[in-house]
Number of protein chains: 2
Amino acid sequence: MPNPTAAMLVIGDEILSGRTRDANMHFLANEFTRHGVDLQEVRIVSDKRAAIVAALNALRATYDVVVTSGGIGPTHDDITADCVAEAFGVGIDVRDDARALLAAHYDRQGMEFNTARMRMARIPAGATLIDNPVSIAPGFTIGNVHVMAGVPAVFQAMVASVLPTITGGAPLLSQSLRILRGEGEIAGPLGALAQEFDDLQFGSYPFQKDGVFGANVVIRGHDAGRLDTAMTRLAEMFG
Amino acid sequence: MPNPTAAMLVIGDEILSGRTRDANMHFLANEFTRHGVDLQEVRIVSDKRAAIVAALNALRATYDVVVTSGGIGPTHDDITADCVAEAFGVGIDVRDDARALLAAHYDRQGMEFNTARMRMARIPAGATLIDNPVSIAPGFTIGNVHVMAGVPAVFQAMVASVLPTITGGAPLLSQSLRILRGEGEIAGPLGALAQEFDDLQFGSYPFQKDGVFGANVVIRGHDAGRLDTAMTRLAEMFG
């Protein structure tokens, strides 16, 4: 079975302005790799309705699975749920089960369940809720799109809830070799090796730090035996 | 004059697999914000020709400026220059000025200027070179697209070369207030304030750490006086 393909849509002005450095993308990339889901594209867009709807429709039509992060809180700039409803052409309203979860939570905390917080119970028609053990306000899944919070602790908990429902393929394995030569010296033999092992992916990632330079060559694939064979050959060439 | 809009295209399997955490996006976001360039979208795609060409054509048609990072080294997976040529419908070949730069560099270093390294002198027709003071192999500008290296030290040097050529608007200023209340409590008044000051952008970024929770509210805009006025009002509400 081929691995499912995936994309991520990060919604947030704060990342595009440089104020915040995104952490969720890196987390999701690692989780997907471990679980055999092939993350092929990430888009980061600002909190603008047209941009979110267009990106969401492009990604959900192209990939098996889409994960979004950000924009599902109670404030005026949290417009993700409305954009998802628009993209899917469905209605959106406060839903009883989501409202009940939030009402119980704020009651336990002795906090007011006001109009702003009620916004977080607005769920597009036909979606199923994603559990939020951290701060209760749920995410949701509709079609092939999983809508999650931007706060890293909540995002990570939601990913943990959803991952078992995504049927992954074999995990993508990788081995790497640090080679203290310029990429220009290894490029020729490396290209030939990559052609010979065309069921594997070969990446070369140059580095340059404190006067030392070289490249990390990474070989990725699903068959551990083939990886070993290719890595042995690579090490013989440059070890 | 309205601020120019910009997008970034990050090319690299290593980020999508979680192996590397991108640093260039965060750097560029900060530089653009300081120089009054409005970064509106980032896409990260893998080292696949069709994906790179499609993303590049979509972004260059939508935004005033596009910056790419990654994929311009000497190895078989460095296909960015070819993809840019394809996207623009122009030819690509080794160019004399780029070859001369590289030949002199490898001569100084006592290193062989081999076929793989010659790849880095392949430049799409009609492009102008971007200086690389770190490792010499140039980036290039074609149309509204600036093609830069993925190694952070080189990327940063290339951004410094190109920024003066991008005519920015007024820098985007921001002020923020850390409010130790749940977003659900501040959402109502904050939304009303955002409506009143509709020439400014209001963002609310919740945090939750070690049992403390609240939100950083950020107000952004180009007029320092308006920002001060709005921030004073915000502080009166929640200070």
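B:D199 is partly exposed, with a relative accessible area of 42%. Keep in mind that this is a predicted model. The partner of B:D199 is B:R226, and the two form a salt bridge. Their closest N and O atoms are 2.7 Å apart. Now place them. B:R226 sits in helix 9 of chain B, residues 224-238. B:D199 sits in the loop between helix 8 (183-196) and strand 10 (201-209) of chain B. So the pair ties together parts that are 27 residues apart in sequence. B:R226 is partly exposed too, at 31% relative accessible area.

Stay with chain B for another bridge. B:R95 and B:D97 meet through their side chains in a salt bridge, 3.0 Å from N to O. How accessible is each one? B:R95 has a relative accessible area of 23%, so partly exposed. B:D97 is at 36%, and also counts as partly exposed.

Over to chain A. Here A:E86 forms a salt bridge with A:R49. The closest N and O atoms are 2.6 Å apart. Which elements does this pair connect? A:E86 lies in helix 4, residues 80-88 of chain A. A:R49 lies in helix 3, residues 49-62 of chain A. A:E86 is partly exposed, with a relative accessible area of 41%. A:R49 is partly exposed as well, at 41% relative accessibility. Over all chains, the whole structure has 18 salt bridges.

Next, a buried residue in chain A. A:T141 belongs to strand 7, residues 139-142. Its relative accessible area is 16%. The cut-off for buried is under 20%, so A:T141 is buried. What does its side chain meet? The side chain of A:H146, in a polar contact of 2.8 Å. Leaving aside residues up to four places away in sequence, A:T141 touches A:A127, A:T128, A:I130 and A:H146.

A:I136 has a positive phi of about 75 degrees, and it is not a glycine. A:I136 is in the loop between strand 6 (128-130) and strand 7 of chain A. At 18% relative accessibility, A:I136 counts as buried. What about chain B? B:I136 has a positive phi near 75 degrees, again in a residue other than glycine. B:I136 is found in the loop between strand 6 (128-130) and strand 7 (139-142) of chain B. B:I136 counts as buried, at 19% relative accessibility.

Now the cavities. There are three of 30 Å³ or more. The largest cavity holds about 140 Å³ of space. Its lining has 14 residues. Which ones come closest to the centre? They are B:I72, B:A81, B:R119, B:M120 and B:R122. Two elements of chain B give two or more residues to the lining: helix 4 (80-88) and strand 5 (122-124). Helix 4 of chain B has the largest share, with three residues.

Last, the domains of chain A. The assignment gives domain 1 as 5-165 and domain 2 as 174-238. Their centres, taken over C-alpha atoms, are 37 Å apart.

In chain B, look at B:R226 and B:D199, the bridge between helix 9 and a loop. In chain A, look at A:T141 and its polar contact with A:H146. Then find the largest cavity, with B:I72 and B:A81 among the residues closest to its centre.

Conventions
Residues numbered from 1 in each chain as written. Chains lettered and ligands numbered in written order. Predicted model: local features only at pLDDT ≥ 70, side-chain atom pairs only at ≥ 80, totals over all residues. Heavy atoms only, no water. Helix = DSSP H or I, 4+ residues; strand = E, 2+ residues; numbered from the N terminus. Buried < 20%, exposed > 50% of the residue type's maximum accessible area, 1.4 Å probe, protein only. Polar contact = N/O pair within 3.5 Å; in protein donor to acceptor, adjacent residues only side chain to side chain. Contact = heavy atoms within 4.5 Å. Domains from an automatic or database assignment. Salt bridge = Lys/Arg side-chain N within 4 Å of Asp/Glu carboxyl O. 1 Å grid on protein atoms, 1.4 Å probe; cavity = no way out; pocket = protein on both sides within 12 Å on 5 of 7 lines; lining within 4 Å. Points joined across faces, edges and corners; volume = space filled by probe spheres on them.
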